[in-house]
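Biologist: Hi! Could you walk me through this model when you have a minute?
Modeller: Happy to; here it is.

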Amino acid sequence: MTQLSAETLGSLPAAVPVPGYDRSGITTGIVHFGVGGFHRAHQAMYVDRLMERGQALDWGICGVGVLPSDRRMKEVMDAQNGLYTLVVKHPDGTFEPRVVGSIVDYLFAPDDPEAVVERMADERTRIVSLTVTEGGYNIHAVTGEFDLTAPAVAADLEPDAVPRTTFGLITEALRRRRERGIAPFAVLSCDNI
């Protein structure tokens, strides 16, 4: 089987739609934490559909992984140039595949937290969205409040710490934007919390 990538798009069967827009001209407008199946089947797909219409070319998505298990997603997204195939199953049982191209970059925060912070601090980033599941919000099970005692959160709160958590990275990016006179981005939780 041929691996999906920018170089192999032309060899796909004609029945599989591929991005008809020039991905090289897309700029990042969204930084998304937690590039899993839900994100790829919803937000990234909708952005791709807008791009296919010649709209939203400044709303490309930069995915971010924070957990060690996200390294595999980084490897796959890099190997496939951010492309992936979404297959929609319709109520009548038919399948509709499409190669989605709205994810234009993927950063793995443990390897380079500075790159993640700077991508969010860039004035072109207007939304930082999250699908990190309930556990990713560091909510204390008893109080229901943000748990400042979680080890990774406590480490982020140390003076001059390099942020390691999603919220540490977001907070540092917002701090830099304020320092630089850049308006804040919108933080959009796509989880049920």
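Biologist: What order do the strands of the open sheet come in?
Modeller: The order is β5-β2-β1-β6-β7, five strands with parallel pairing. The model is predicted, so local features need pLDDT of at least 70 and side-chain atom pairs count only at pLDDT 80 or more, while totals for chains, interfaces and linings use all residues. Residues are numbered from 1 along each chain as its sequence is written, and side-chain values use heavy atoms, with hydrogens and water left out.

Biologist: What counts as a strand, and when do two of them pair?
Modeller: Strands (E, at least two residues) and helices (H or I, at least four) are DSSP runs numbered from the N terminus. Two strands pair if DSSP finds at least two bridges between them.

Biologist: Which strands are at the edges?
Modeller: β5 (103–108) and β7 (186–189), each of which pairs on one side only. From one strand to the next, the twist averages 20°.

Biologist: How many bridges join β1 to β2?
Modeller: Five bridges join β1 (residues 28–33) to β2 (residues 60–65), and the two run parallel. Across that pair, I30 stands opposite I61 in β2.

Biologist: Which strands does helix α4 touch?
Modeller: Helix α4 (residues 113–121) packs on the sheet and touches β1, β2, β5 and β6 (127–130). Contact here is heavy atoms within 4.5 Å. The direction of α4 makes about 135° with that of β1; axes are lines fitted to C-alpha atoms, for helices over the stretch in contact, and angles run from 0 to 180 degrees between N-to-C directions.

Biologist: Is A56 buried or exposed?
Modeller: A56 counts as buried, at 18% relative accessibility. Buried means under 20% relative accessible area, exposed over 50%, and partly exposed in between, using a 1.4 Å probe and protein chains only.

Biologist: And where is N138?
Modeller: N138 is in the loop between β6 and α5 (151–156). Its phi is positive too, about 55°, although N138 is not a glycine.
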